[in-house]
Structures are given as C-alpha cells and as structure tokens.
Amino acid sequence: MEFIVVQFLTGLASAASLFLVASGLSIIFGVTRIVNFAHGAFYMLGAYVAYTLTERFEGFFGFWGGIVAAALVVAAVGALLEIVLLRRIYRAPELFQLLATFGVTLMVQDLVVMIWGPEDLVGPRAPGLRGAVDILGLAVPTYDLFLIVLGPLVLGGLWILFHRTRWGVLVRAATQDRDMVAALGVNQTWLFTSVFALGIFLAGLGGALQIPRNAVTHLMDLSIIVEVFVVVVIGGLGSVLGAFIAAVLVSELNAFGILIFPKISIVLVFLVMACVLIVRPWGLLGRPEGPARQPAGLSIRPWQPMSQNQRLVMLAVVVAAGFAPFVTGDYALTVLAEIAVFALFAASLHFLMTVGGLASFGHAAYFGLGAYGAAFATTMFGMPMIGSLLLGPLLGVAGAILFGWFCVRLSGVYFAMLTLAFAQIAWSVAFQWVEVTGGDNGILGVWPASWAASPAAFYWLALAVSVAGIVALRVLVFSPFGYALRATRDSALRSEAIGIDRSRVQWAAFVIAGTFAGIAGALFAFLKGSVFPDNLAIPMSVDGLVMVLLGGIETVSGAVVGAIVYKALAIWLVSQTDLSKLVLGAIIVLLVVAFPKGIVGFAEDLLARRRAKADDGGAAARTTPAKAPAKAPAATSGSGAAPIAAPKMEAAR
Amino acid sequence: MSAPILEVEKLSKSYGGVHAVRGVSFTLAAGEILALIGPNGAGKSTCFNMLNGQIGRDTGSVKILGRDTTGLRPREIWRLGVGRTFQITATYPSMTVRENVQVALLSHHRELGRLFGFAGARHRAEADRLLGLVGMRDLAERPCGELAYGDLKRLELAIALVNEPKLLLMDEPTAGMAPRERVALMRLTATIAREQSIGVLFTEHDMDVVFEHADRIMVLNRGSLIAGGTPAEVRNNPDVKAVYLGEGSVYGGEAAA
Amino acid sequence: MKLEVHQLNSFYGPAHILFDVDINVGAGEVVALLGRNGAGKSTTFRSIVGLVARREGRILFEGEDITARPTHEIVRRGLGYVPEDRRIFTELTVEENLMVGEQPERTGAPRWTPEKLYALFPNLGEMRGRLGGRMSGGEQQMLTIARTLMGNPSLVLLDEPSEGLAPKIVEEMANAILAMKNEGLSIVLSEQNLHFARLISDRAYIIESGRIRFGGTIRELEESPDIRDAYLAV
C-alpha cells in the first residue's frame with residue numbers, strides 16, 4: 001500500500017515536466033497549426049543549458065535563476081527559429097512543416113553533441129529541496145513534491161493568461177481564425193512569435209526542471225517527443241487541460257507499468273491510448289478538426305496512366321538497370337541493391353501519402369517488422385531465404401493491420417503523430433525485448449541463399465522484387481480501389497454520401513502500403529545480413545518521407561526518383577562528414593523553405609507563370625475569374641493556403 | 001396515390017438540454033418538391049442531417065421507401081436510394097468530371113474493392129449519359145478542381161442520380177449561385193424529379209427560388225413546424241411573416257402581388 | 001474622398017481576377033458593389049485590406065497610399081473589414097469577440113463601446129456571455145459587424161451582409177446599416193440582393209468578370225433596366 005502511494009507520487013512528479021512540454025506543443029499548434037517536432041529538441045536544450053548555468057552559478061539563486069534563465073534562453077532561440085524559419089512556411093502543407101521542424105531536430109542533435117559531448121551529464125540537486133519527506137514510512141524526495149505542486153500551478157497560470165488577459169483572448173481567437181484576427185487590426189506576426197516563444201519556454205522549463213531527477217542525454221529529445229505526442233493524442237491537441245490530464249495518466253501508467261511489465265512498460269500506455277482513441281478519436285478534451293487543409297498530395301491535375309511510349313521508356317530503363325552488374329563492381333552493386341530496396345519502400349509510403357492522403361510518420365515500422373520477420377524466420381525457424389522473404393513481410397502486414405486500424409480513425413496531423421507513436425512503440429519493443437530481438441545488438445547472420453549470395457545475383461533479386469512491387473502499386477493507383485482511396489482523400493463527406501466506407505478503404509491502403517514496406521524490409525535484412533532496432537526507428541521513417549518529398553509528392557512515380565537521389569546522396573554524405581545529421585537536417589530545412597508548396601507545386605507555378613506570360617496581350621480573357629476561390633474555397637482551391645475558417649464554422653454549428 | 005417516399009414521424013433531437021428539433025412529422029410523395037425553410041438555428045440542418053444519417057436522433061422515426069432508417073449510417077442510407085447534394089459542394093477535385101461520376105457508379109455497382117483493372121474505362125457510357133442529363137457532357141474531361149461553382153452544383157446533381165434514387169436531399173442547393181444559375185438548376189432538378197418520380201426535399205434561403213419551385217413548403221421555427229402548405233398559403237401566413245419572412249421588402253418583386 | 005481605388009488589378013496565383021477596378025467612396029456615403037457570385041466582389045474587398053498577395057494599382061485611404069501595407073496596419077488606420085461567411089470566433093464569448101476587435105479611439109470616426117453596440121444590436125446585449133458558436137446565423141452576422149466597429153473605423157467594407165439570412169433578419173440588418181450611416185460612417189457593401197442594396201445605398205457599382213461595368217446612383221441604376229438585366233440577371 002505505502003509503496004503504491006509513493007509510486008503514485010513519483011508518477012505525479014514526472015507528469016509535471018511532461019505536462020509543461022505537451023502544453024507548449026498544444027499551444028503552439030493551436031495558433032500556428034504547426035506540430036512542432038523540434039519541441040523535444042528544445043526540451044533537451046533546456047536541460048543542457050540549465051546544466052551549464054547551474055554548474056557555473058551555484059547556490060540557491062544560482063540554481064533557480066539558472067533554471068528560469070535556461071528556459072528564457074531556449075525561448076529566445078525558439079523565437080529566433082520562428083522568425084527565421086517558421087514564418088516562411090506557415091502556408092505550407094502540414095507535412096512540410098513537420099519535416100522542417102524534424103530537420104531542426106536532427107541539426108540540434110549533432111549540435112548538442114558538438115557543444116556538450118556525447119556523455120550523459122548529471123546536474124546538481126535543487127538547493128532547499130535536497131531532502132526527502134517521510135510519507136507512510138517511505139522517503140519521497142522533496143523535489144518531487146515541488147514538481148507535483150508546480151504542475152497545477154502552471155495549469156492555473158495558463159488558464160488565467162488565456163482567459164483574463166487581452167493577449168490570451170487574441171491567442172484563442174487566432175487559434176480559430178488567424179486571418180480574421182489580422183483583419184481586425186492585430187499584428188499576428190508578433191502574436192505568433194510570442195506564442196511560439198511561450199510554448200518553447202514551457203518546453204525549456206520542462207527540460208531544465210528535469211536535471212535534478214534525470215541525467216541529461218542527447219537522446220532525450222526523441223523519447224520525450226514521442227511521449228508528448230502520446231499525451232496530446234490522448235488529451236486532445238490544442239487543449240491545455242487535456243494535456244494535463246493525459247500527462248498525469250501517461251506518467252502514472254509509466255510508473256506502474258514498470259511494476260507490471262518491467263520490460264515493455266510502454267505497451268500499457270499504448271493500450272490505454274488505443275482505448276481512448278476508440279471512445280474519443282480526438283482525445284479526451286479535443287474536438288474534431290474540420291478538414292483544415294488540403295492533404296499534401298492533392299493536385300487539381302488528374303493523373304493519367306502511362307502512354308505506350310512512356311511504358312517503353314520505363315521498360316528500357318529497367319532493362320538498362322539489369323545490365324549494371326556487367327559494368328560496375330561489387331560495392332556499387334550493393335549500393336544499387338540498397339537503392340532498389342528503398343525505392344520500393346518509398347513507393348509504398350508514396351502510395352499511402354499521395355493516393356490516400358495519409359502522411360505516415362512511422363512507415364519504417366512495417367519496413368522494420370518485415371526485416372525482423374525475415375530474420376526470425378531464418379535464425380529461429382531455419383527457413384530458407386525464399387521462405388523467409390515470403391513469410392517475413394507477414395510480420396509487417398500484421399503490424400499494419402493492428403496499428404492501421406487505429407490510425408485510420410484519425411487524419412492529418414493526428415494521423416501523423418499516431419503513426420509516429422506506433423513506430424516508436426515497435427522500436428521500443430525491438431530495443432527492450434532483448435531475449436527475442438537481441439535488443440541493441442540486433443539479429444545477425446541473416447544471409448541470403450547461396451544462389452543469391454553474390455552481389456550481382458542479389459542485386460538482380462532486389463531489382464526484380466522492387467520493380468514488380470512498384471508496378472503492382474501503380475496498377476493499384478488506377479484500379480477501382482485506387483479511385484476509392486483517392487475519393488476518401490479528396491472528400492470524406494462526398495465519399496460517405498456515395499456509399500464508400502472511408503475507414504475500411506484507408507485501412508486496406510494502410511495494410512497494402514505496410515505489406516510492400518515489409519517486403520522491402522525483408523530484402524533489406526538479407527542485403528545487410530542483420531537486423532537492428534534502427535530499421536524501424538524514426539529517422540528511417542523520415543528518410544522515407546524525404547524521398548517522397550524530393551521526388552515530388554503530386555506525381556505517381558516520383559518516389560522512385562526521390563529514393564534514388566536521396567539514398568545516393570545519403571550514402572555519399574556519410575562517407576564525407578561526421579556531422580551527417582546536421583547536414584541532412586539543414587538539407588531538409590532548405591528543401592522545405594525553397595519549395596514550400598512542394599517541388600511539383602513549385603514547378604507548376606513556374607509553368608503557369610510562363611504560360612500566363614505567353615498569353616499576355618490578346619488572350620488574357622481566358623483566365624476566367626469564375627475560378628476565383630471566393631465562394632467555395634474548400635472545393636476549388638488547389639494546394640497551399642486554403643482558408644481554414646469556413647469549413648470549420650460549418651462543423652461547429 | 002402511391003405510398004410516400006419519405007415518412008417522418010415525431011422526429012426530435014436536443015443538444016445539452018436545448019431542443020434543436022421537436023416533434024417534426026411530415027411525408028413526401030414521389031415526384032413532389034418540398035421546401036424546408038425557417039430562420040437560422042431553427043433546426044433545418046439538424047433535421048436534414050438526421051434524415052441523411054449524419055447525426056442520430058433522440059426519438060421519432062424516419063422511413064425511406066417504407067424502410068426504417070434507425071441506426072443506419074449515411075452510406076447505408078444512400079444504398080436505400082437516396083441522393084444528396086451539399087450546401088458547400090463536395091466533389092473530388094483531383095479527378096475529372098467524368099471520373100467523379102464513375103466513382104459513384106463503381107460504388108453503386110459495388111466494384112470499388114477491385115485491386116486491378118483500369119477504373120477509368122468502366123461505366124463510361126453511363127457516366128456520360130448522366131452528365132448529358134445535367135448538360136455537362138462537354139465538360140467530362142475537365143479536371144473537377146477547375147470547374148466554376150455553378151458547374152460543381154450540377155455535377156453534384158449528376159452524382160446524386162447514379163443510384164437511380166427515389167429521394168433527393170438537397171441542402172441549400174442554390175447557395176452562392178447567381179440568380180440566373182439558381183433558376184436553371186432548380187428547373188433542371190424539377191424536370192428530372194418529375195420524369196423519374198423522385199421526391200425532392202430541399203432547404204433554401206432564397207425565397208424567390210422557394211416560392212417559384214416548391215410544390216409545398218414547410219416552415220420550421222425553434223425546432224417545430226409552424227406552418228406548411230402551398231407557396232401562396234405560406235407566403236400569406238401571418239405567423240411565418242412574423243418569425244421569418246418579415247415585410248417582404250428584401251426578396252422578389254412578386255411579393256407585392 | 002474617403003477611399004479611392006485606382007486601376008486595381010489582382011491575381012490569385014497565375015489567375016488574373018480584377019482588371020483596372022476604380023472605386024471612389026465619399027465621407028459618410030453608403031456604396032453598394034453589386035455583382036454575381038465570382039464576379040470579383042470579395043476579391044475587391046480582400047485586395048483593399050491587403051489579404052490578396054499579388055495586387056497592382058493604387059489604393060488611397062483618407063488620401064494616404066495603403067497599397068503596400070500589411071492588413072493589420074490598414075485596419076488600424078480605420079478601414080474596417082467584415083468578411084463574408086461571418087467568421088466569428090465560435091469558441092469565444094460575445095464579449096471576448098468584441099475584445100478582439102478593440103482598437104484605440106480615432107478622431108473623425110464614430111467611437112463605439114460594447115454598450116453602444118448592444119444598443120444598436122439589442123440581441124447581442126442579451127447574450128454577452130454566450131459562446132459565438134451557440135448563436136444563430138443572424139446573431140453571428142450582427143456580432144461580426146459589431147466586432148469590426150469595436151476598432152472605431154471611419155469606413156467599413158461589408159462583404160455580403162445579407163447572404164444566408166432570413167428575410168426578416170435582412171430587414172433588421174438594413175436598419176442597423178442605416179443607423180451606422182447616421183453615426184457618420186462610410187460604408188461599402190457587396191451584394192447580390194438588389195432589393196436589399198437599394199434600401200440602404202446612395203450609389204452603386206456593378207462588377208462583372210473582374211471589371212467595373214457601371215457606376216452611378218441607385219436612381220440611375222433603377223432607370224437603366226438594361227444594365228441591371230445584363231449584369232445582375234434578377
């Protein structure tokens with residue numbers, strides 16, 4: 001009994017930091033509509049800066065001043081980021097914003113190691129709160145009690161800020177309709193900056209307050225961001241009170257989960273999240289979002305199947321690729337095989353994203369599960385390679401069936417966050433369940449059969465499977481099912497009205513995408529001869545997203561080009577620099593800033609402008625004003641800045 | 001006279017203690033055009049959304065073609081033979097006009113689960129026939145996202161006709177359209193409804209449209225039906241004037257008559 | 001002149017929407033901008049307040065060039081904008097909605113307080129603490145106008161104030177607009193409903209396919225049925 005009480009208090013204390021970070025994310029999302037992936041990075045920065053400051057300035061004021069100063073410093077960095085980067089991409093599709101902030105996360109990871117080194121750092125204890133209080137005969141750290149009190153205090157403070165000050169009312173108004181706030185004379189540029197700074201301040205404070213409890217590490221950003229995503233999915237994105245309740249819930253589940261499933265405590269959180277989503281898909285205190293923005297893949301230019309000539313060209317390219325073993329060496333062939341594998345992986349994600357409008361941030365889960373499946377089949381059951389290649393992907397399929405069922409209940413950023421959370425859960429299981437997966441050591445000895453052992457033979461195998469998979473995906477795009485999927489993406493309302501079961505169609509698409517990702521993963525396992533938790537980690541998922549983005553999101557086959565370019569670039573980069581994350585992050589950020597509407601959107605604009613110039617003079621009347629998105633913005637405008645207010649109001653009334 | 005297409009009895013719904021709709025009963029016959037009007041917040045949308053299954057009802061019954069619709073989702077109600085158009089058009093901007101109709105046809109024939117075969121080649125003739133019906137045959141190849149608003153409304157009508165519906169539910173069919181387009185769309189709807197014996201229920205704010213095209217009008221106020229009858233009866237009903245129509249200075253000139 | 005729009009051309013992406021639009025509004029005048037849906041009414045208003053990214057021409061407000069200014073600066077000079085489809089803050093109360101619109105007092109413009117607005121729109125006074133989302137369409141339309149008036153503008157652009165409202169509410173709206181005019185406010189309203197526009201306007205422009213096709217007094221418009229029929233098609 002006593003132990004349970006103490007464990008409960010520990011959970012409450014952990015909830016404080018989680019709440020601070022999650023509420024910051026929620027507040028930023030509310031106004032800017034950006035899910036700030038870099039939030040975890042700012043949390044981590046808060047901890048590092050606080051460590052430095054509290055080491056430098058000792059004593060009571062040194063410590064507490066250092067904590068607050070650290071949060072302020074981080075908030076200032078956040079404001080700078082908002083001014084330099086985010087202001088440029090507020091009108092970009094959600095996916096690009098998530099990617100840009102992820103790019104920042106990557107950069108911060110390398111920067112932190114550069115500045116503070118790779119070792120874990122242990123901060124000082126809090127002056128004045130060093131001791132412990134005796135509760136039911138057990139010692140509870142005073143600092144924990146302080147955190148337990150702090151959480152509700154911050155919650156109350158935020159409530160007063162948002163309901164009793166004009167700034168707060170403006171923020172709430174902007175949360176709903178930022179253009180309207182500007183049209184009432186409010187300078188929303190600075191409103192956004194101040195909101196972002198507040199959200200980052202909360203994240204930095206959350207990180208700084210952790211240093212007396214936990215070591216400061218350069219891995220704490222990803223672990224917190226996943227927990228935060230889980231919290232906001234449970235609590236409801238945009239709701240500060242929801243963030244508080246969910247933070248307590250998740251922290252308690254963690255505290256007690258350790259007792260029940262010591263190895264895979266995260267499963268308990270997962271189960272609770274699943275239950276909440278079934279009952280309340282928008283979280284405990286969230287409310288359904290209208291179709292806020294166009295999904296990333298939406299183009300008003302309809303897709304066409306390839307012409308006879310295009311097919312011949314494609315065939316020629318594949319045949320040419322088949323001749324590679326006669327002109328290159330073994331290393332190049334291994335690289336080419338890897339590119340083929342990733343082309344299939346990217347194509348599967350691309351199918352889900354563009355045809356289905358479902359931007360998964362955790363697609364690597366099914367790739368990795370496919371890889372693990374193949375490894376299990378080979379090492380545990382002694383299957384031959386062909387058997388493993390056929391059976392291994394089934395693990396990916398199973399994962400997609402299970403996770404997909406939940407994910408397709410959501411859409412937009414919720415979908416992205418949930419897919420990411422599931423992928424992280426899969427990663428945790430692979431990482432923590434050492435007896436089965438080997439944990440960090442992975443599974444070794446997944447070698448191909450002798451007939452496929454030579455680099456050339458394996459390359460041909462990979463190429464054949466990849467081409468077959470990509471062709472199958474293309475056939476799907478133009479099949480009746482592909483149309484059903486596009487229909488659910490274009491208009492859920494219309495689809496329901498013509499008898500289409502949206503969630504079932506999207507679930508099927510999720511499983512199809514997971515299947516092809518699993519096949520790619522199984523190939524990958526044999527290519528590398530081993531499987532590691534990295535294969536289903538977040539960076540792998542983001543690799544896939546960048547490939548799709550690079551290749552052009554609004555084309556049918558762009559992902560293949562993207563995969564080739566990106567993988568070649570990444571392999572080259574790793575050979576050139578130790579700071580590959582920094583460079584990669586910067587490339588992602590630049591890509592998003594340079595092409596805020598996507599590469600294809602950019603190209604379309606360019607083409608249209610050129611055409612308009614050519615038309616100038618005589619035929620200007622052909623650009624009919626009837627196309628003006630004046631009356632029906634949701635239905636007619638193409639990509640980019642669809643006004644968000646109108647459809648939302650309909651939903652609210 | 002044949003059995004009514006739509007029978008609504010004592011339909012009620014409340015949100016948090018507020019009665020949005022209470023005790024609404026009416027029927028709709030084949031080929032009849034029935035308008036539902038009333039002030040904003042009178043419960044028109046709530047009523048409409050209960051009929052098409054988008055929201056559940058508290059009490060009362062709705063029968064479509066004699067079938068009770070309790071617990072049916074919108075897509076299941078559609079399968080009973082109900083076509084719908086939306087206040088703000090809902091179409092597929094990434095597809096061509098023809099493909100928009102083809103998707104609905106594929107769904108009607110329950111073929112959307114097929115994983116291969118080129119969908120664009122299926123039900124082409126039927127799609128073109130429906131587009132011809134609404135006068136859009138020439139626009140079949142156009143991307144739907146490039147259509148003018150009035151054309152989108154006509155496309156919605158064509159889509160609504162794919163399952164040979166017996167009942168059409170149109171939520172503010174002419175909202176946001178130019179006066180001439182309004183007349184054209186409603187004439188088209190009326191012609192099709194009469195030819196195919198489709199019962200039409202629509203909500204509308206434009207009194208010129210309502211008075212000209214409806215066979216019968218029902219007036220909803222604070223969740224209850226306060227009047228019903230022919231356009232002439234409703235127009236001169238003092239209760240309706242008091243809560244809704246006012247003095248008649250802001251709609252059609254015929255009001256003076 | 002209160003507002004002068006010279007040779008305004010506007011674009012959405014590559015699409016050219018407005019062509020050489022000229023509009024003048026005198027102090028204390030009510031001017032109607034009539035036209036069909038998609039004719040360019042909303043785009044004209046959005047261009048004036050800087051919500052259209054690409055626009056060419058010159059827009060003078062009280063003699064000063066505001067063409068290149070950001071939206072919030074234009075509004076702070078006393079040019080109020082009431083968008084179509086209402087766009088009130090549904091999660092905020094009536095009082096809070098008004099608070100968002102609050103701007104400092106301005107010389108040469110009527111000064112509005114919540115109390116004065118509650119007198120103008122008595123319905124709103126009875127529901128100060130109610131959430132915007134719990135109001136009827138007519139009440140929301142009143143609120144959106146009241147919210148803009150809180151900025152103490154000297155001119156307001158009303159985009160389709162009668163759209164989607166019950167005829168009875170439209171009549172109330174006409175009275176409210178006349179009351180605003182009596183306070184000395186200049187008003188430009190866009191309308192498709194000619195019946196409504198002629199109740200309250202001094203002058204009217206007709207816009208069609210992004211071009212101004214007619215400018216004159218309401219009487220002149222009534223006396224030229226050919227113009228009316230050609231562009232308004234009632």
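Author: Gladly. This is a predicted model.

Reader: What is the area buried between chain A and chain C, and which atoms give 60% of it?

Author: About 3,300 Å² is buried between the two chains. Carbon and sulfur atoms give 60% of that area.

Reader: Why is the pair Arg87(C) and Asp177(A) called a salt bridge?

Author: The rule asks for a side-chain nitrogen of Lys or Arg within 4 Å of a carboxyl oxygen of Asp or Glu. Here the closest N and O atoms are 2.8 Å apart. The pair therefore counts as a salt bridge. Between chain A and chain C the count is two salt bridges.

Reader: Now chain B. What makes strand 4 and strand 5 of chain B a pair?

Author: Pairing needs at least two bridges. Two bridges join strand 4 to strand 5 of chain B, so they pair. The two strands run antiparallel. In strand 5, Arg67(B) is the bridge partner of Ile64(B).

Reader: Why are strand 2 and strand 5 of chain B called edge strands?

Author: The open sheet has the order 2-1-4-5. Strand 2 and strand 5 of chain B each pair on one side only, which means they are its edges.

Notes
Residues numbered from 1 in each chain as written. Chains lettered and ligands numbered in written order. Predicted model: local features only at pLDDT ≥ 70, side-chain atom pairs only at ≥ 80, totals over all residues. Heavy atoms only, no water. Helix = DSSP H or I, 4+ residues; strand = E, 2+ residues; numbered from the N terminus. Buried area = accessible area lost by both parts, 1.4 Å probe.
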